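Please load the model in your viewer and keep the sequence panel open beside it. The stops below are meant to be selected one after another.

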Amino acid sequence: MTEQKRVVVIGGGIAGLTAAYRLQQNGAQDVNVQLVEASERLGGKIQTVRKDGFTIERGPDSFLARKESATRLANDVGLKDKLTPNGTGQSYILVNNKLHPMPSGSYMGIPTRIRPFLFSGLFSPLGKARAAMDLIKSTKSVDEDQSLGLFFRRRLGNQVVENLIEPLLSGIYAGSIDELSLEATFPHFYDLEQEHGSLIKGLRKTTTVSKRKKGEKKPSMFRTLQGGLESLVEAVESKLEPGTVLKGTKVDHIERKQDHYHIMLSDGSVMEADSIIMAVPHFAAQRMLSQYDFLEPFKETNATSVANVAMAFDESAIKKDIDGTGFVVSRNSDFRITACTWTHKKWPNSTPDGKVLLRCYVGKPTDQEVVDYSDEEIIEIALKDLNQTMNITEKPEFSIVTRWHDSMPQYKVGHKDRLNGIEEQLQRELPGVYLAGGSYRGIGLPDCIDQGEAAVEKVLNYLS
């Protein structure tokens, strides 16, 4: 009888949880899987609060429908009937203390239709003329990585970047687009420029942006689960074999032995493994493997902190209701919130009838200290900013403040090359050890699920 191979997954966020689940599915009887999580719960930043009929997300509230792995995982664990699309509607950008509708036909802030862009109040005539230069501006072939800010400013000019592209992309990565890597975040934009000679032309040829009749809502791009995203965590965890999850236990150190690994745990015990999936943040991976200098480049990948506050109101408290799903804030604004989701409109099933649920975010790269303000101070900041657009006269019925410290890894220029170099060294010096998760090759839920599944394939190939 063949001896079972021992695989340890470190980290119980969605990447590690997916890896453990897929290993138990695909490894059959040949692999013994253990999942080790430092906290007392699985799911990482996926946390759902269910309170007084409200469904409130502390972390991510959805995933992109076009990235199929999250939907596939939900289907595989029996949640197909619980998947629900977002309610769609107008979204806005706050510039110069005024809410401007997001120009229709834009893709990540890049115009694909001329008329909505020309009539937008987001840009001056000069700013519009500069953006139109993208149609005729020569391409620039670049051998090395470049920042998102440098690339988009060269193609479209400062005004479009600062009033449209930057609020959207910074909202995703919670960082500065003048430091974030183009190659590690949106490499296809560079490919579009090179192939079509223009971002606008390239997107018009390759992206389907349907024209809608007046009053017709745009198609849904996102999905969540009835009852919240933590339903996915709960469903996957329920599928894991009994006794294979160790919670509340931190990994202190990893050592390579002759033909296996020793994993030193915080409770003083040692776990043995033939292969390891490290589904942990980059700084945690470096700590566990502190004896290896090749992980030093991870020090260049810092992580920003963010906080959010969900506030529940009676609908009568909102004196100036706005037809839409939310807004992002230009960094040139004096607002301290970075975005606001009108959750009751984006996710109608999240909120009881007659109630309103708003979720505001704070923590610009230049305003990190706000994350550690008291709950009362964060709520006051959010209400002060919201009152300028929505005229909210009452205090919320209840509020839930969530802080995520060092939670948003910054894919700075050169990130992909640094990561490739680290992974090459990892396989030379620590064969059978693999990385997965938001610090590495994508921060969205489907990206993390993809990385967990890719790590499983590498493990099974290594062990075969």
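Begin with D52, whose place is in the loop between β3 and β4 (54-57); helices (H or I, at least four residues) and strands (E, at least two) are DSSP runs, numbered from the N terminus. This is a predicted model, in which local features need pLDDT of at least 70 and side-chain atom pairs count only at pLDDT 80 or more, while totals for chains, interfaces and linings use all residues. Residues are numbered from 1 along each chain as its sequence is written, and side-chain values use heavy atoms, with hydrogens and water left out.

D52 is not a glycine, although its phi is positive, at about 50°. With a relative accessibility of 58%, D52 counts as exposed; the terms used here are buried for under 20% relative accessible area, exposed for over 50%, and partly exposed in between (1.4 Å probe, protein chains only).

Select N97 next, in the loop between β7 (91-95) and β8 (98-101). N97 also is not a glycine and has a positive phi, of about 65°, and at 41% relative accessibility N97 counts as partly exposed.

E37 is buried but has no salt bridge, and the nearest side chain of opposite charge, that of R41, is 7.0 Å away. Here Lys and Arg count as positive and Asp and Glu as negative, whereas His and the chain ends are not counted, and a salt bridge is a side-chain nitrogen of Lys or Arg within 4 Å of a carboxyl oxygen of Asp or Glu. Apart from its neighbours within four places in sequence, E37 is in contact (heavy atoms within 4.5 Å) with residues including G11, G12, G13 and K247.

Which residues form a salt bridge with R22? One is D76, with the closest N and O atoms 2.9 Å apart; because R22 lies in helix α1 (residues 14-26) and D76 in helix α2 (residues 68-76), the pair ties together parts that are 54 residues apart in sequence. Another is E453, with the closest N and O atoms 3.0 Å apart, and this pair links R22 in helix α1 to E453 in helix α15, 431 residues apart. R22 is buried, with a relative accessible area of 8%, and E453 is buried too, whereas D76 is partly exposed at 37%.

Among the buried residues of α15 are L445, C448, G452, E453, V456 and L463.

For a helix pair, display α5 (residues 148-156) and α8 (residues 187-196), which pack at an angle of about 35° with their axes 11 Å apart. The contact is made by F151, F152, R154 and R155 of α5 and by F189, Y190 and E193 of α8. The axes are lines fitted to C-alpha atoms, for helices over the stretch in contact, and angles run from 0 to 180 degrees between N-to-C directions.

End at T338, in strand β19 (residues 337-342), which is buried with a relative accessible area of 13%. T338 and L94 are 244 residues apart in sequence, yet 9.5 Å apart in space, C-alpha to C-alpha. Not counting residues up to four places away in sequence, T338 touches V328, V329, R331, Y361, V362, G363 and K364.
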